[in-house]
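Dear colleague,

My notes on what was found follow directly below it.

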Amino acid sequence: MANAVFDAVRTVLAVREYQDKPIPDDVLRRIAEAGRLTASASNRQPWQFVFVTDRQSLQELGRLVKTGPYISGAAAAVVVAGERDNPIAVSDVSRAVQSMILTAWAEGVGSNWTGFTGLDAVRDHVGLPANYNVSAVLPLGYPKRKLGRGLKNRKPPQEVLSADRFGNPLQL
Ligand SMILES: Cc1cc2nc3c(=O)[nH]c(=O)nc-3n(C[C@H](O)[C@H](O)[C@H](O)COP(=O)(O)O)c2cc1C
């Protein structure tokens, strides 16, 4: 049976090269809503999402995120931050990131998680208050090249899936 959510999970890949083509506002809005509507522990929603489309600002993000220089070529990027004093915020933020990446992918927009720690300069760059930690910058853009949809480099099922107790093969 067709399952659009599973198909998105099955095929999504990290996209690091983007076409020089803007993302329509309605698509960006759905990506933003996907983040905002994500569940969080005790429904605290301890996050902020800053959408960046200004070219100069994207280039600066590409400089600041050492593991994501290609942000500079994206059509947009989302700076995702969680409350610094909330120990569960990083889990909440991670879940929101996945919601946004999958929603983007379903619209044909490629993305990726970049950065994780040491992103205070990114926080300052987008004007977030000091009580937030930036956990991710998500570049967004239409993929430049066709990626191997559905082909993933992952551990095989028998290495990571068990039935009832660890080590019993899961046979479904
Ligand atoms: C928490 C997290 C942090 C990541 N950080 C980076 C990063 O800083 N730069 C980058 O290019 N990719 C980053 N990635 C992407 C992973 O390297 C990528 O998803 C993984 O190698 C699997 O590739 P695939 O998504 O294309 O299957 C990150 C992914 C996660 C989940």
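Asn112, if its neighbours within four places in sequence are left aside, is in contact with Ala14, Val15, Arg16, Tyr70, Ile101, Val137, Leu138 and Pro139. This residue is found in the loop between strand 3 (110-111) and helix 5 (120-125), and, since the model is a predicted one, please read this and everything below as computed from that prediction. Asn112 counts as buried because its relative accessibility is 12%, and buried here means under 20%. With Tyr70 there is also a polar contact, in which the two side chains are joined at 3.0 Å.

Asn112 and Tyr70 both belong to the surroundings of the ligand, which also include Leu13, Ala14, Arg16, Thr67, Trp113, Thr114, Gly115 and Arg154. As for individual atoms, an oxygen atom of the ligand is 2.9 Å from a polar backbone atom of Ala14, while a nitrogen atom of the ligand is 3.2 Å from a polar backbone atom of Trp113. In the case of Arg154 the side chain takes part, with one of its N or O atoms 3.0 Å from an oxygen atom of the ligand. How much of the 630 Å² that the ligand exposes when taken alone does the protein bury? The protein buries 57% of that area.

Ser135 lies in strand 4, and it is buried, because its relative accessible area is 8%, where the limit for buried is under 20%.

Finally, there is the nonpolar interior to consider. In soluble globular proteins, nonpolar side chains tend to be buried together. The largest nonpolar core in this model has 30 residues, and those with the most contacts inside it are Ile23, Val80, Met100, Leu138 and Leu140. Two or more residues are given to this core by each of helix 2 (25-36), strand 1 (47-52), strand 2 (76-83), helix 4 (89-106) and strand 4 (132-141), with helix 4 supplying the largest share, 8 residues. Apart from this core lies another one, of 14 residues, among them Leu61, Ala77, Ala81 and Tyr132.

With best wishes

Definitions and conventions
Residues numbered from 1 in each chain as written. Predicted model: local features only at pLDDT ≥ 70, side-chain atom pairs only at ≥ 80, totals over all residues. Heavy atoms only, no water. Near = heavy atom within 4 Å. Polar contact = N/O pair within 3.5 Å; in protein donor to acceptor, adjacent residues only side chain to side chain. Areas by Shrake-Rupley, 256 points an atom, 1.4 Å probe, with all protein chains shown as cover. Core = buried A, V, L, I, M, F, W, Y, C linked by side-chain atoms within 4.5 Å. Buried < 20%, exposed > 50% of the residue type's maximum accessible area, 1.4 Å probe, protein only. Helix = DSSP H or I, 4+ residues; strand = E, 2+ residues; numbered from the N terminus. Contact = heavy atoms within 4.5 Å.
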